[in-house]
Amino acid sequence: MNRKLATAGLALCLILSGCASGNIYTDAPPRPSAIDDMAAEPVDLTGLGRQSNSRGDDFYQEAVTEDCVVTINWVTNNGDTKSVYRVGRFQAPKDAAQPSIR
């Protein structure tokens, strides 16, 4: 009984893997990516970002980016109170093709 079950399981695996295989190689030239199109444009990370998954409208985190400095604030009381959570510096990429995290 166990031998029949093992044989049936092996056959099922071979059938499923055979159906999933296909020709992954093509002669077509690679398509340019969106990053290739943006590579010539300078990157500007200046701005304000707000937490999108906050559990309430009157408290959330915001990130302010200016001159390669990121400040993250806790915002409460519908924006009346802001407390600094973290401040950090980063090296901004020169263009979109350069990775921003190292």
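Which strand does T65 lie in? T65 lies in strand β2, and the tour returns to it below.

**Before you start**

The model is predicted: local features need pLDDT of at least 70 and side-chain atom pairs count only at pLDDT 80 or more, while totals for chains, interfaces and linings use all residues. Residues are numbered from 1 along each chain as its sequence is written, and side-chain values use heavy atoms, with hydrogens and water left out.

**Whole chain**

Show the whole protein as a cartoon. There are two helices and four strands, in the order α-α-β-β-β-β from the N terminus. Helices (H or I, at least four residues) and strands (E, at least two) are DSSP runs, numbered from the N terminus.

Switch to a surface. The protein exposes about 9,000 Å², and carbon and sulfur atoms supply 56% of this area. Accessible areas come from the Shrake-Rupley method with a 1.4 Å probe; for residues, only the protein chains shown count as cover. Of the 102 residues, 7% count as buried. Buried means under 20% relative accessible area, exposed means over 50%, and partly exposed lies in between (1.4 Å probe, protein chains only). Among contacts with a separation of 6 or more, 21% are between residues 24 or more positions apart. A contact means heavy atoms within 4.5 Å.

**The sheet**

Select the four strands. They form an open sheet in the order β1-β2-β3-β4, with antiparallel pairing. At the edges are β1 (47-50) and β4 (81-89), each of which pairs on one side only. Neighbouring strands are turned by 20 degrees against each other on average, direction ignored. For that angle, axes are lines fitted to C-alpha atoms, for helices over the stretch in contact, and angles run from 0 to 180 degrees between N-to-C directions. Two strands pair if DSSP finds at least two bridges between them.

Now take the pairs in turn. β2 (residues 60-66) and β3 (residues 69-76) run antiparallel and are joined by seven bridges. Within this pair, Q61 stands opposite W74 in β3. Eight bridges join β3 to β4, also antiparallel.

**G49 and R50**

Select G49, in strand β1. G49 is partly exposed, with a relative accessible area of 31%. Leaving aside neighbours within four places in sequence, G49 is in contact with Q61, E62 and A63. Draw a distance from the C-alpha atom of G49 to that of A63: it is 5.0 Å, for residues 14 apart along the chain.

Next, select R50 and Y60. The charged end of R50 sits over the ring of Y60, 3.6 Å from the ring centre. A charge sits over a ring if NZ of Lys or CZ of Arg is within 6 Å of the ring centre and within 35 degrees of the ring normal.

**T65**

Go back to T65. Is T65 buried or exposed? At 14% relative accessibility, T65 counts as buried. Not counting residues up to four places away in sequence, T65 touches L45, T46, G47, V70 and F90.

**N73**

Select N73, in strand β3. N73 counts as buried because its relative accessibility is 9%. Its bridge partner in β4 is V84. Show what surrounds the residue: N73 touches Y60, Q61, E62, V64, S83, V84 and Y85, not counting residues up to four places away in sequence.

**W74 and Y85**

How many aromatic pairs does a search of the whole structure find? The search finds one. The rings of W74 and Y85 have their centres 5.7 Å apart and their planes at 80 degrees, so the pair is edge-to-face. The pair links W74 in strand β3 to Y85 in strand β4, 11 residues apart. Rings of Phe, Tyr and Trp (its six-membered ring) pair if their centres lie within 6.5 Å; planes under 30 degrees apart count as stacked, over 60 as edge-to-face and the rest as tilted. W74 is partly exposed, with a relative accessible area of 41%.

Most residues other than glycine have a negative phi. Finish with two positive values.

- C68 lies in the loop between β2 and β3. Its phi is near 65 degrees, and at 28% relative accessibility C68 counts as partly exposed.
- N77 lies in the loop between β3 and β4. This hairpin has four residues between the strands, and N77 takes a positive phi near 55 degrees. N77 is partly exposed, with a relative accessible area of 46%.
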